[in-house]
Amino acid sequence: MLKPLLNLFFPPQCLVCETLVPTHGTLCTECWNNVPFISPPMCACCGLPLEFAVDENTLCGECLREHPPYSRARAAFVYNESSRTLVMKLKYQDDTYLAPVFAHWLRGAGAELIAASDLILPVPLYYWRMVSRRYNQSLLLARILAEHTGLPMLPDGLKRIRATAQQTGLTRPQREKNVKGAFIVPEKHRAAIKGKSILLIDDVMTTGATLNACTNILLKADAGQVNVLTLARRA
């Protein structure tokens, strides 16, 4: 009953360009076409979109050269100019109302990973960055995903123990060096993580350096396996 009144005072707008759309929490036709949502074929390991796949176990060249430490990774869409706007709104512009919409997209993109997981963990922020930003976007997504799926979530299952430079603009080796030794599994959570299939949540995968570092720490803490689910990824 309140929906028409809500639409009257707060007309639904496209999440990217803010033009009027029929319902809240969606994109206009043009932006739907500009945001490249990921669907098969894709790399069976890292989820990179492929032009074609021989079978469901096809790997991309990067994963053939060196298999990542995580078992599988999936993302909702490719990170481009239009999708970047969505990520930045959540990450830097306090548009936390987007988190439920994004969590719904994550649930669709990562259905197989969710079904194979025991525990959800978000990639953490360092303390002072958390203070300045006031929230962790990965934690927001993980919390809503946990509510929707019924999977337990450890908000502090991983801890970032030192500040790291922004990854934007860094090369792959620089990114790897930047996050080396930045994460730990707190002693109090080791028993909860041991032997479990972990679903690691982050907003964007670029080179994968941060997610690889988190995965390696979780495996060293005796996690059974780690799968990665992100909102966006570089193609």
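This briefing describes strands, helices, nonpolar cores and cysteines of the structure above. The model is a predicted one. Strand β5 (residues 197-205) has nine of its nine residues buried, so it is largely enclosed by the rest of the structure. The largest nonpolar core holds 39 residues, and another core, of 31 residues, lies apart from it. A search of the whole structure finds zero disulfides.

**Strand β5 and its partners**

- On one side of the pairing scheme, β5 pairs with strand β2 (residues 119-122) in the parallel sense, over four bridges.
- Within this pairing, Pro122 has Ile201 of β5 as its bridge partner.
- Strand β6 (residues 225-233) also runs parallel to β5, and eight bridges join the two.
- Here Leu199 stands opposite Asn227 of β6.
- Together, β5, α11 and β6 form a β-α-β unit that is right-handed.

**Thr215 in helix α11**

- Thr215 belongs to helix α11, the helix of that right-handed unit.
- With a relative accessible area of 0%, Thr215 is buried.
- Leaving aside neighbours within four places in sequence, Thr215 is in contact with Pro69, Tyr70, Leu200, Val226 and Val228.

**Helix α9**

- The buried residues of helix α9 (residues 172-179) are Arg175, Asn178 and Val179.
- Seen down the axis of α9, these buried residues fall within an arc of 80°, so they line one face of the helix.
- An α-helix has 3.6 residues a turn, so residues three or four places apart point the same way.
- Pro173 and Lys177 are exposed residues on the face of α9 turned away from its buried side.
- The buried residues of α9 pack against β4 (183-184) and α11 (209-220).
- Gly181, which follows α9, has a positive phi, near 75°.

**Nonpolar cores**

- In the largest nonpolar core, the residues that touch the most other members are Leu27, Phe77, Leu86, Phe102, Trp105 and Ile120.
- Elements giving two or more residues to this core are β1 (72-78), α4 (81-92), α5 (99-109), α6 (111-115), α8 (137-149), β5 and β6.
- Not counting residues up to four places away in sequence, Leu27 touches Cys14, Leu15, Val16, Val21, Trp32, Val35, Phe37, Leu86 and Trp105.
- The other core, of 31 residues, includes Cys45, Leu121, Met205 and Val226.

**Helix α5**

**Cysteines**

- A disulfide is a covalent bond between the sulfur atoms of two cysteines.

How values were computed: Residues are numbered from 1 along each chain as its sequence is written. This is a predicted model: local features need pLDDT of at least 70, side-chain atom pairs count only at pLDDT 80 or more; totals for chains, interfaces and linings use all residues. Side-chain values use heavy atoms; hydrogens and water are left out. Buried means under 20% relative accessible area, exposed over 50%, partly exposed in between (1.4 Å probe, protein chains only). The arc is that of the directions from the helix axis to the C-beta atoms. Contact means heavy atoms within 4.5 Å. Two strands pair if DSSP finds at least two bridges between them. A crossover is right-handed if, with the strands pointing away from the viewer, the path from the first strand over the helix to the second runs clockwise. A nonpolar core is a set of buried Ala, Val, Leu, Ile, Met, Phe, Trp, Tyr and Cys residues joined through side-chain atoms within 4.5 Å. A disulfide is a pair of cysteine sulfur atoms within 2.5 Å.
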